[in-house]
Amino acid sequence: MSNVYNFSAGPAKLPEPVMQQAREQFVDWNASGTSVMEVSHRGHDFIQVAEQAEQDLRDLLAIPADYKVLFMHGGGRGQFAAVPLNLSRPDQTSLHLVSGSWSKGAVAEAAKYNQARVIKQAGTKDGLAFMAPPAAADIDKDAAYLHFCPNETVDGIAYDWLPEANGVPLVADMSSTILSQPLDISRYGMLYAGAQKNIGPSGLSVVIVHESLLGKAQTATPSIFDYTLAAKHDSMYNTPPTFSWYLAGLVFQWLKSIGGLTEMARRNATKASTLYNAIDASDFYRNQIHPRCRSKMNVPFQLADAALDSRFVQEAEAQGLKALKGHRSVGGMRASIYNAMPLEGVTALVSFMAEFERKYG
Ligand SMILES: *Cc1c(COP(=O)(O)O)cnc(C)c1O
């Protein structure tokens, strides 16, 4: 395990101490003789795990009391459907910022359930990919919500501004950036994240939603996707993904133990600048995102000679640097450096890149 660094975009690396702890507890959890996976979600022991996880998440993100925290099924894409079903009527508009492939996917799904409309797409600035805020005039005050994705996992485009929403609730897909830095939750109507990047195992999605947005679900909303039902039943309307919830709880405790999101943000900034500096210092590698829109979580980069791509991936693998092949729609390489990636993983990658350039550059 020790000499491998996994740069997978998702499901992604989990913190090493969390994996060790889960292994120790796997078959005999809390000296109960059973696994946490094998006990009732309504039993006292699991309820404690569930409540602690929610409290730790609330502490980490300083979630105000008038927001509900929901642990749901269906990952990120499940929410692409759940958001329009819960927050809009079929005749209502949802506004969308499209900065890459996930925010684009969210519009296509929303359009099944409401009048989804794209008001701003990523463009270029100085020949590099760039995402600018929408004009205030493009925000229809009667829209049900404005959806955006502040970190595009595939494209490596990120931004930290929030759109001026004219009172329209902001809804953010934070699947690949949640918990990477502190957030002001009160600026959002809701946000959500599929778990498998910065939270835990795939399948789980975490939803943080303001109470005022509950009670609006379309009648056709599947019950397991209904935020109001989920809130009423403490996310146990049906059997939740208990093991994922437990593991997410361990990740939250790990984040607290290292000093919370301020410390996490500091580490993430160091990792990202280490990698971008290496890319920028060389003509052999390049990243085609404007410096103001570069993701700190997903770093796509290209080799000057694409014919060397598969050799790069192979030789990196052989040195324990895994899953660096870019998304099939983008090509090149992509290093995902989520919370669980230690700085050592990034420095190992940067050394490998320098050596690869010496050999083939
Ligand atoms: C991974 C990802 C998704 C999709 O998650 P699934 O759990 O596969 O449905 C959606 N949005 C973003 C930003 C993602 O990174």
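Between domain 1 and domain 2, 28 residues of domain 1 are in contact with 26 residues of domain 2 (contact means heavy atoms within 4.5 Å). The model is predicted: local features need pLDDT of at least 70, side-chain atom pairs count only at pLDDT 80 or more, and totals for chains, interfaces and linings use all residues. Residues are numbered from 1 along each chain as its sequence is written, and side-chain values use heavy atoms, with hydrogens and water left out.

**The two domains**

Domain 1 covers 17-257 and domain 2 covers 260-360. These bounds come from an automatic or database domain assignment. The C-alpha centres of the two domains lie 27 Å apart.

| Item | Value |
|---|---|
| Buried area, domain 1 and domain 2 | about 2,100 Å² |
| Share of buried area from carbon and sulfur atoms | 60% |
| Residue pairs in polar contact, both at pLDDT 80 or more | twelve residue pairs |
| Salt bridges, domain 1 and domain 2 | zero salt bridges |

Buried area is the accessible area (1.4 Å probe) that two parts lose on being put together, summed over both. A polar contact is a pair of N or O atoms within 3.5 Å; within protein, one must be able to donate a hydrogen and the other to accept it, and residues adjacent in sequence count only if both atoms are side-chain atoms. A salt bridge needs a side-chain nitrogen of Lys or Arg within 4 Å of a carboxyl oxygen of Asp or Glu.

On the side of domain 1 that touches domain 2, at least two residues each come from α2 (44-61), β6 (128-130), β8 (151-152), β9 (157-158) and α6 (242-258). Helices (H or I, at least four residues) and strands (E, at least two) are DSSP runs, numbered from the N terminus. By class, this side has 14 nonpolar, eight polar and six charged residues. Ala, Val, Leu, Ile, Met, Phe, Trp, Tyr, Cys and Pro count as nonpolar, Asp, Glu, Lys and Arg as charged, and the others, Gly among them, as polar.

**A three-stranded sheet**

Strands β13, β14 and β16 form an open sheet in the order β13-β14-β16, with antiparallel pairing. Two strands pair if DSSP finds at least two bridges between them. The edge strands, β13 (285-286) and β16 (333-336), each pair on one side only. β13 joins β14 (residues 298-303) over two bridges. Arg286 stands opposite Gln302 in β14.

**Backbone details**

The peptide bond from Gly10 to Pro11 is cis, with omega near -10°. Pro11 sits in the loop between β1 (5-6) and α1 (16-25). Asp126 lies in the loop between β5 (123-125) and β6. Its phi is near 50°, a positive value in a residue other than glycine.
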